[in-house]
Amino acid sequence: MLRPLFLAGLLSLPVSVAQAQELEGFITRDRLPDPNLPALVMGGEVWADTCENCHGGNKLTGAPKITSDKAWARRIEKGMDVLVAHAIDGFIGPTYKEMPARGGNSDLSDDAVKAAVAFMVWASGGADSAIPYAEQNIATE
């Protein structure tokens with residue numbers, strides 16, 4: 001009897017960033033870890049509202065899937081400023097896949113876009129880049 005209870009307890013534990021790496025299937029916000037940093041919390045909310053449809057794993061869009069260290073590594077190497085500029089201004093990648101400006105949501109503020117990018121990088125193997133960027137560049141109030 002203890003075994004089912006133990007397993008049920010494990011299932012209710014929060015997901016860590018390490019556990020989120022390379023999640024299978026389409027990713028929704030509830031499958032991702034909960035950050036402690038307010039800017040990343042805001043980024044998670046923006047991601048769920050605007051970015052999830054493409055970056056959750058929709059292969060038709062060509063968007064890098066959140067939690068895919070492999071897909072994000074070369075992007076993270078370019079730096080947070082480049083990633084944020086691409087997200088704010090829009091970008092057409094080397095395979096002619098388009099990242100629309102502000103994820104297609106013109107109502108997003110610069111800080112909301114920055115927070116969403118930082119959240120995606122944080123959840124995709126780039127915590128060392130995302131956390132300092134979020135602490136120094138994103139207003140949460």
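Leaving aside neighbours within four places in sequence, Arg 102 is in contact with Thr 50, Ala 87, Ile 88, Leu 108, Ser 109, Asp 110 and Val 113, where contact means heavy atoms within 4.5 Å. This is a predicted model, in which local features need pLDDT of at least 70 and side-chain atom pairs count only at pLDDT 80 or more, while totals for chains, interfaces and linings use all residues. Residues are numbered from 1 along each chain as its sequence is written, and side-chain values use heavy atoms, with hydrogens and water left out.

**The chain as a whole**

- The secondary structure of the protein chain comes to seven helices and two strands; helices (H or I, at least four residues) and strands (E, at least two) are DSSP runs, numbered from the N terminus.
- Of the 141 residues, 38% count as buried; buried means under 20% relative accessible area, exposed means over 50%, and partly exposed lies in between, using a 1.4 Å probe and protein chains only.
- Take the contacts between residues at least 6 apart in sequence: 61% of them join residues at least 24 apart.

**Arg 102, where we began**

- Arg 102 is found in the loop between strand S2 (98–99) and helix H6.
- The side chain of Arg 102 reaches the backbone oxygen of Leu 108 at 3.0 Å. A polar contact is a pair of N or O atoms within 3.5 Å; within protein, one must be able to donate a hydrogen and the other to accept it, and residues adjacent in sequence count only if both atoms are side-chain atoms.

- His 55 lies in helix H3, which covers residues 38–55.
- With a relative accessibility of 8%, His 55 counts as buried.
- Beyond its neighbours within four places in sequence, His 55 is in contact with Trp 47, Ala 63, Pro 64, Lys 65, Ile 66, Trp 72, Met 99 and Met 120.
- His 55 and Lys 65 are 10 residues apart in sequence, and their C-alpha atoms are 4.7 Å apart in space.
- Val 41 also lies in helix H3, and its relative accessible area of 33% makes it partly exposed.
- Not counting residues up to four places away in sequence, Val 41 touches Pro 35 and Asn 36.
- Val 41 and Phe 119 are 78 residues apart along the chain, with their C-alpha atoms separated by 7.7 Å.
- Asp 49 is found in helix H3 and counts as exposed, at 67% relative accessibility.
- The C-alpha atoms of Asp 49 and Arg 29, 20 residues apart along the chain, are separated by 9.3 Å.

**How the helices meet**

- Two packed helices are described by the angle between their axes and the distance between the axes. Here axes are lines fitted to C-alpha atoms, for helices over the stretch in contact, and angles run from 0 to 180 degrees between N-to-C directions.
- Angles under 35 degrees count as roughly parallel, over 145 as roughly antiparallel, 65 to 115 as roughly perpendicular and the rest as oblique.
- *H3 with H6.* The axes of H3 and H6 come within 7 Å and cross at roughly 85°, so H3 is roughly perpendicular to H6. On the H3 side the contact includes Trp 47, Cys 51 and His 55, and on the H6 side it includes Phe 119, Met 120 and Trp 122.
- By class, the contact of H3 with H6 has 13 nonpolar, three polar and one charged residues; Ala, Val, Leu, Ile, Met, Phe, Trp, Tyr, Cys and Pro count as nonpolar, Asp, Glu, Lys and Arg as charged, and the others, Gly among them, as polar.
- *H5 with H6.* The axes of H5 (residues 80–89) and H6 (residues 110–122) come within 9 Å and cross at roughly 125°, which makes H5 oblique to H6.
- Met 80, Leu 83, Val 84, Ala 87 and Ile 88 in H5 meet Asp 110, Val 113, Lys 114, Val 117, Ala 118 and Val 121 in H6. This contact has nine nonpolar, no polar and two charged residues.
- *H5 with H7.* The axes of H5 and H7 (residues 127–137) come within 10 Å and cross at roughly 70°, so H5 and H7 are roughly perpendicular to each other.
- Met 80, Asp 81 and Val 84 in H5 meet Ser 129, Ala 130 and Tyr 133 in H7. The residues of this contact divide into four nonpolar, one polar and one charged.
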